[in-house]
Amino acid sequence: MIADNSPPAPDDFDSRQLVGGVQLHVRRSTRFKSVWIDLFQPVLMQPGNVTRLALLGRLLERGTSRLPDLRALNRHTDWLYGAALSTQTIAVGPFQLLHLHYDVVDQAFIPQAEDDLLACGLQLLGEVLSDPFLEQGRFPVARVEQEKSSLCRYVESLYGDRTLLAQRRAMEQMCSGTPWALLPHGDPAELEGLDGDNILQFLQDFVANEPVDVYVCGDVDADQVEALCAQHLPSLDRSRRSLPAVPDLPPATEPRHIREEEDVSQGRLVLGFRTHVQLAGPEIEYAALVLFNLIFGGDAHSRLYSRIREDAGLCYHIASFTDPMSGLLFVEAGVEPDDRQILLEQVLAELDDIATHGPTGPELQRSQNLARQRLESAEDGRDGLVRFHLSRRLAGVETSRLHFLTCLAMVTAADVRAVAARIRLDTEYFLEPRDTGD
Amino acid sequence: MRQTHESLCETVEMRDLADGARLCVTPRAGRRCHAVLSVDYGALHEAGTGRGEPPGIAHFLEHRLFEKPDGDISERFTDIGADVDAQTGFTATSYSVTSGAETFPAALELLFELAGRTHFPEDSVARERSIVGHEIQLFEDNVEWMSFQTMLQALYPAQRIAVDIAGTPESLLGIDSQMLTRCHQHRYHASAVQVFACGPIAVAELVDTCNEALSLWPKGDSSPAAIHLPVANPGVLHVPMAVPRVRRMLAFPDEIRRQGIALMRHELAMEMTLDILFGPGSEFFSRHYESGLLDGETFGGEVHMDESYGFCVLSGDADDPDALQSVILEELAQARRSDWIETDFERARRRAYGDMVCQWEDVESTVGFLENAGLRGCHPFSVAEIYAGETAINTGDIRRCLEECLRPERVAVASVGE
C-alpha cells in the first residue's frame, strides 16, 4: 500500500491575517490538478439586504471594465485552460455570504501556458469586486433589469423542486422574524425599490467594510499567495467590521401543525425539531448530535430509512439533517396523504426509543466509523475542508477538524441518549396534493 | 500492463482477471479509494416481457441485489466505514464504493458480493414494486427528468430507450423472484464485468481480491447480451406540467455508429461544437441572454454518445420557446456557411483540455474517466491524446458534427409546461 502516512497537520489551513482584517487561509497540497480560490464576505441575513446582495452578486458576474460583458469574461477564462469564475450568494446558517470562486488547472500540467494562471485569478477577483463594468459611472440599466428578472425566475424555479419548497415553508414558519427565515437568493417582492445606483453604493460600502475570508488550495506557496492578494485585492488598507454574533431563535411554543396544498403528485412532510444543541456549544454535545443524526435519519443505514422506508414501505424517500448553528433538526419525507399520520407516529416513536434506550452498540460504532471516515477523507477534496473551517469561523468556534475527530470518538451511547431526550417537535408541515375533485 | 503519462503525471495499470473480467487501476497517494464494478447489462439489453425481461428489470435487479440473507448489505459497508452506491444506465449497471485505504480490500470484496450473490424472497420483491412505484412517481414532479424523458419519447417513439430505465408500474407487475434469479444468472457473468479503481492501491493484491471474489460468481454463458438499437424518428411532443415557464428541449440524433477511440473523439467534437456555437463564450449566448430570450441558468447542451445510440440536446426555459427554437435552428443553418468553427476552435480546445486534466483530480472523477474509456474499449491515455498533440482533434471533426448530426431537419422537439 502506498497510503499517505505523513502525520496530518494540526490545522488544515495556514491562516494569516492580512492588513485591514482580511483573513487568508492557504492549504498547500500536491494532491490536486487545479488551484481553487474562494473569497467570502459574510453578513447576517436581513430583510431588504438579502435581495440587494443577491442582485449584486449577479451583476458582478456580468463584466468588469477590462472584460465588459459575459462573453468577454467567459472567453477570457476559457482561454486560461477552462478556468471558472463564479459569483453567488450562499447561506451558512443565519449568514448570507458573497462568494467569489475561481478555479484553474495547475500550471504544472500545462507546460506551454504563457500566463501565470494563479495571478490571473486573483487579478480577476480583485477586478470583479472593485472595478465592475459601468456606463457613465452606473450599472447599465438594461443589465440591472435583466438580472432582476433572472433573480425572480431563479427563485420561482427553485420552488419547482417541491421538496425544497416544503423545507423552505417549514423553515419560514419555525424561524419567522430571524435570518433563518430568509433565502440567500433574495426575495422577488423586494426588487422594486432597487436600482443600479443604490446597488453600486451598497457594493462600495460592502466590499470595503465587511469582513473577508480568502481560501486558496492547491500546490501554491502561502507567501506568494499573500503577495498576490496584497497586489490585487481591493481596500486591504482599511479596517473592517467584525463578524456579527449568531442570533437566537424565537422561543419555543407548543408544536404547530400546518398543512398547505400545491400541485404535487406526492405529499411532502417536513418535521422541524429543536435539539437545544448548537455548533457553538460544548463540543461533545455537538459531536453527539452529529452521531444521533446519522443513527436517526442522516444516512442510508439509519433507523428512519431502514425501518420506515425499507421495512414498512411507507415512503420512497426519508431523511433527517441538522442546521448546526441554530440547533434545528429536520426530517423530510415524500409520503401519500393517507400515510402521513402513521409516518409521523413512527418517526416520533423512533426518536422516543433512542431517547429512552439510547442507540445500540453497533449503531453507535457504525455512526462513529462513518463520521470519522467522512471527516478524514475530506482532505482528499477541498469543498469539505473549506466548509468545515468556514462554518466554524462564522459560529465563533475554534475547533480544528482533527480535534473534532477525537471528540467524535469520545461520544458514548449515554451522550447520544441525552441529546435525543432533549429533542422536541416544533413544527409539522405537510405540503399535500391539491384536491382536484376527481 | 502499466503505463505512465508524462504530462498528466498519472499511471494506469490494466489487468485481465479470471473468466474474462477486466481491471483498470490508477494507483496514487491519498486517503480514499474509489472503485466501480460495471456489468454490461442495462435497460437496452432487456429482452422484453415475453422473454422474461420486462422493461425495468435491470434496475429492479440492481435494487434487489442489496438484500442478502443477513439483511441490507449496505449496512455492512457502513460497518467498515465505506459508502456504496449503484446505478442502472442504458447499457450498463454500475456498483460503486468509496472507502479509506485500509478498508478498501474488504470494501471491494463486499462490492463483488453485492453484485454477485442473489437472495430474492418473494415478499421483498413485492415490496420493491411499491418502492420503485413511488420512485417513478416522485420523478414526475422533476422538470429536468420529465423533459429528458419527453425528449426521448419525441426522438425514439415507442422504443425501450424512451421508457423510464426503472420501467413502468405495469411492466414491474410481471417481475417475480424466479425471473430475477434467471436474469441474474444469464446476465451477470464474469466476462461482462469491468472493475475501475483509483487511490492508494497495491494492484497485485487487488487482482487477487477480485479473482477470489469472482470464483464465487455464477458461471453463465459468455455470449455478450444483445442490445436494442434505437432508431431515431424525430417528432414533436408536449407534456403538461405545473411550472412557471416552459422547458423546451431540442434533440438531434447521431445515426452513424462508431466504436472505440473514434467514438470518444466524436463525442469530444460534439461537445466542442456545442460550446463554440451555443456555450457561454459564444456570440449566440450573449446576444440572446442580453435580449432575454435565453435563460442563463437553464440553457445548455448535452451530448449522449454510445456504441448503440447517439444524440445531443439543447434545452432551456423560455417565455417564448418557439422563438428560442427558431433562433437555435437558424444558428445551425448559418454555422455551416460561416468560419466560426475555425476562428474559435483553439479557445474551445483549451477549455476542454483544462477540464480533461481536472478530471484526473479526485478519485471519483478519475474512475469516471477510466470507466468512460474502458466501457468503449479504449485505453484512458489514448483518450487523453485526443485533446492535445499531433493526433488531436481538429476543425474537420467539428465540421463533421455540423454536417452529420446537428441538422435542423432532423430535430426532435419536446416541451414540458403549461
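**Reading a helix, a sheet and the confidence**

Student: What covers the buried residues of α8(B)?

Tutor: Helices (H or I, at least four residues) and strands (E, at least two) are DSSP runs, numbered from the N terminus, and two residues are in contact if their C-beta atoms, placed from the backbone, lie within 7 Å. Here the cover includes β3 (22-27), α3 (104-116) and β9 (193-199) of chain B. This is a predicted model, in which local features need pLDDT of at least 70 and side-chain atom pairs count only at pLDDT 80 or more, while totals for chains, interfaces and linings use all residues. Residues are numbered from 1 along each chain as its sequence is written, and chains are lettered from A and ligands numbered from 1 in the order in which they are written.

Student: Which residues of α8(B) are buried?

Tutor: A residue is buried if 20 or more other C-beta atoms lie within 10 Å of its own, exposed if 12 or fewer, and partly exposed in between; in α8(B) the buried ones are B:L206, B:C210 and B:A213. They fall within an arc of 65° (taken from the directions from the helix axis to the C-beta atoms), so they line one face of the helix, whereas B:A204 and B:E212 are exposed on the face turned away.

Student: Where in chain A does pLDDT stay under 50?

Tutor: pLDDT is the predictor's confidence in each residue, from 0 to 100, and where it is low, the predicted coordinates should not be read in detail. The stretch under 50 is residues 1-8 of chain A, although the chain A mean is 91.
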